[in-house]
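Look at it first, then read on.

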Amino acid sequence: MSIVLDQVTKRYQGSPVVNDVSLDVGEGEFLVLLGPSGSGKSTLLRAIAGLTEVDHGTISLHGRDVTHVSVRERQVGFVFQHYALFRHMSVADNIEFALRVRHVKASERRARRRELLRLVALEGMDDRLPTQLSGGQQQRIAVARALAHRPKVLLMDEPFGALDAKIREELRRTIREVQRELRMTTILVTHDQEEAFALADRIGVMNQGRLLECGRPDDLYMRPATRFVATFLGAANLLLGYPTPRGVRFTLPAAEAAGAGSPVEPPREVVAILRPEEVELAAGEERIEASYVGHGHVEDVLFGGAVEKLRVRMPVHGPVAASPGRDPGEDEFGSLLEVSRTIPEQREFPVAPGQRVAVGARRIHVLPTPVSSFTIVAADEAAAQRLRESALLATLASRMHTRVSVIFVPRPWSEAHERRELRRAPPGMPVIEAGPGSAAAAEWLLRHGALQLLCMPPGQSLPRRVVIQPSGEDVRDATMAVAASLLRHVPAEATLFGSQPLESPGAERAGYLQLLTDLRHAALGQSASSVRPEVVTGDVESQLLHQLDALPDTMLVLGMSAADDLGRERLARFLEGPVARPVLIVRPFDVHAVAGH
Amino acid sequence: MARSRFRQPSILPGFGLTLGFTTFFLSVLVLLPLAALVLRAGSLSLPQFMDVLLDPRSVASYRLSFGAALLAGGVNAVFGFIVAWTLVRYDFPGRRLVDAMIDLPFALPTAVSGIALAAVFAPTGWLGQKLATTGVQVAYTWVGVVVALTLIGLPFVVRSVQPALIEVQRELEDAAETLGARPWQTFHRIILPAVLPALVTGFTMAFARGLGEYGSVVFISGNLPLKTEITPLLIVIKLEQFDYDGAAALGFIMLVTSFLMLFAINVVQGWGRRRQVAASN
């Protein structure tokens, strides 16, 4: 391995800008770090070069731990966004700078300079001043300069950021050729996905300081694991679907969606991505060659050269309609479908705004995300509004690009009432308000098919800490998956709370700690907030509650296995205690089954 | 080329008017008084003129004036650079306050600075007392003159170097570091060349100001003939003795010498600039 990062964390004023990033880059590999501005990618690159110190973790270059080694000794080549050429020096002096400070003989310097200028196709420019060159030429010189001392690793920070489109493409080709010719391990940072696709052997997508996913460009595009990567790499429609033995269905009968369907097995809800180019449009359902999704109306059509871009408004399905006084169309989720069509497709079936069309999906990919959507379960509109407007739910919904729907269940929560209005938990994650009666509601929802449940005080802000307590082996994976998904969208410090039996000998304790470490890497590795394990003995629950009461701004993620007591008193300890806090309860589900679709 | 140079479109209208205004101002405020000075000095016969010029008291004053101004300019070039560096590169509590304080020597009447310095550095002053125990005397020696001129010249260096330093992006230092430069190499190969023109300008202005400075020096120098008498003081003394011709002669000498020195620095600077441009063609 050429570059190995192990749990690298960098904080600015307490908040992590690079958050527990682990990454291996192979010899001669071209890795592109892709992410929006502020995602920490440039900081990570600077950390590899040694221009920024890291707070935690190790950086190795070619097997040598260089975490505390000076920039000079790391022997990297670095290309800056704004070239950073020395303006008072000629091109020749710029390129020879690295050799000059190493006291290399003049004849050798000259030979190396010629070689580098040939490499970047700027022979004969030796005596120019940087200001006399175009932006593209300046960046080529910067690349040549960065290579002069024969570094083993080339790092480039948005090298095309300041250039216009045509030059950008040209320079991209040059850099790719140079990289191939020298077989040099290269990391390039960019926010431009087109650039990433054009250059990368592998792409690492970063967001909020975390390396979310890393893989081959086509793999990441076709099979992303997270909502962020799905929507950041190319356009994507996120849809809620319901897996059936014959594939994923996108509509549920209204009654079933509202939770009034058969009480046996609640429909599993999944998040599927449908790329705009995988959408098929036709006049009627029978003309659709791919799988039929539904009917919609063409909202607008935009001609963009080789492809036509249009948006199709789909009727909103699911339990949203149950909310009175709200236009179902208001809910943007899944209602506007982005479509792009090639010219032959346009010729075959021309459409105009307002036209009713049948929609088909050629290929969908189901995200292995454990949290699909939210359903507020409230007594009245005012209560629903309080939950909907809380920062926690609003942030989660907007960052997950997901739907928040509402169903009303009048209080008090009585058995007689339930049977009439609701026969099982709604799909997605039910959200209820903390307070008197919340334990009763939670008990009923969990007993009637809810796999997760969020109970929070109205107006809940974003938590600063998340305490995770998996309970029982079968729920461990599910809890970690939900917690990871939560932390991906709401950055917070995480504490993993674990117990061990009182009588356990040392060996078991070691085993437990090993398990903690494994969990941390397996489940939180990619979302990777700072995770602190905390192991206690004895009455875990009391100690957990005791600790929670002392920590403000804390959210609890609580795993409850099938064997766990779902009794109202036990739930009340967590949900109706003296200190109100958000609690996310997770029941066991098969994490891997979701990914299989 | 030659034509277009005078016909550059400009946001201020009326090239003729502005040039006329410039010439008029320069004539009335600068050239005319200087011409009068030269005329007045010219009323002396050559031997008389040489007498004034080569009078040991005069020669001693030249040495002090030019020497102290040069030394103060040099001190300012070093410390002004460091002050500018600190202000540009570091953010510390009270940075704006310090930044504003730099300009104080501009604003204070020079006599006030002089009296303040004298009070501090006099053998009875609180700093002078302590210095006296180590055998160093500042007030009433040439050192005092240098101290006064350093105070007066500091803002010139800081204010000319500051913008140039802001221009040197930190990225350039990062670049030098990744290319293997040691801190010292980064400084003298990257930072210094980039700010050198501004530093020379600042030095020149501080030096020129130091040559003509009077108010702040006379209180701390003690004005001992042949020892701590600066040329401007000598001129004032001659004026007080109604020796207008002698004063004019001394003034003329100062004028010529300062002009020659400033001109030389300008030439050197221009030569440096041209060399850079030439290297690029």
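Q: In what order do the 4 strands of the open sheet with β1 of chain A lie?
A: Strands here are DSSP runs of E with at least two residues, and helices are runs of H or I with at least four, both numbered from the N terminus. Two strands pair if DSSP finds at least two bridges between them. In this open sheet of chain A the pairing is antiparallel, and the order is β2-β1-β4-β5.

Q: Which strands are the edges of that sheet in chain A?
A: An edge strand pairs on one side only. In chain A, the edge strands are β2 (15-25) and β5 (64-65).

Q: How far can this model be trusted, and what ipTM does the predictor give the complex?
A: This is a predicted model, where local features need pLDDT of at least 70, side-chain atom pairs count only at pLDDT 80 or more, and totals for chains, interfaces and linings use all residues. Residues are numbered from 1 along each chain as its sequence is written, while chains are lettered from A and ligands numbered from 1 in the order in which they are written. For the complex, the predictor gives a pTM of 0.77 and an ipTM of 0.73.

Q: Which residue of β5(A) is the bridge partner of S60(A)?
A: Strand β4 (residues 56-61) of chain A runs antiparallel to β5(A), and 2 bridges join them. In β5(A), the partner of S60(A) is D65(A).

Q: What is the order of the strands in the open sheet that holds β11 of chain A?
A: This sheet has 4 strands with antiparallel pairing. Its edge strands are β12 (247-249) and β19 (365-366) of chain A, each pairing on one side only. The order in chain A is β12-β11-β13-β19.

Q: Which residues of strand β17 of chain A make up the covered face?
A: In a regular strand the side chains alternate between the two faces of the sheet. Strand β17 (residues 336-342) of chain A has an uncovered face with L336(A), E338(A), S340(A) and T342(A). Its covered face holds L337(A), V339(A) and R341(A).

Q: Which residue in β17(A) does K309(A) stand opposite?
A: Strand β16 (residues 307-313) of chain A pairs with β17(A) in the antiparallel sense, over 7 bridges. In β17(A), K309(A) stands opposite S340(A).

Q: Why does E169(A) count as partly exposed?
A: E169(A) sits in helix α6 (residues 165-182) of chain A. With C-beta atoms placed from the backbone, a residue is buried if 20 or more others lie within 10 Å of its own, exposed if 12 or fewer, and partly exposed in between. E169(A) is partly exposed because its number of other C-beta atoms within 10 Å is 15.

Q: How many helices and strands does chain B have?
A: From the N terminus on, the elements run α-α-α-α-α-α-α-α-α-α-α-α-α-α. Along its principal axes, the C-alpha trace of chain B spans about 65 × 65 × 30 Å. Of its 281 residues, 32% count as buried. The count for chain B is 14 helices and 0 strands.

Q: How many residues of domain 1 of chain B are in contact with domain 2 of chain B?
A: Domain 1 covers 14-43 and domain 2 covers 53-280 of chain B, with bounds from an automatic or database domain assignment. Their C-alpha centres lie 28 Å apart. Two residues are in contact if their C-beta atoms, placed from the backbone, lie within 7 Å. On the domain 2 side there are 7 such residues, and on the domain 1 side there are 6.

Q: How many residues does each chain give to the contact between chains A and B?
A: On the side of chain A, α2 (71-74), β6 (76-79) and α3 (91-100) each supply at least two residues. The contact takes 22 residues from chain A and, from chain B, 17.

Q: Which element of chain B has the lowest mean pLDDT?
A: pLDDT is the predictor's confidence in each residue, from 0 to 100. Chain B has a mean of 85, and 92% of its residues reach 70 or more. Helix α4 (residues 56-89) of chain B has the highest mean among the elements, 92, and the lowest, 48, belongs to helix α1 (residues 2-6) of chain B.
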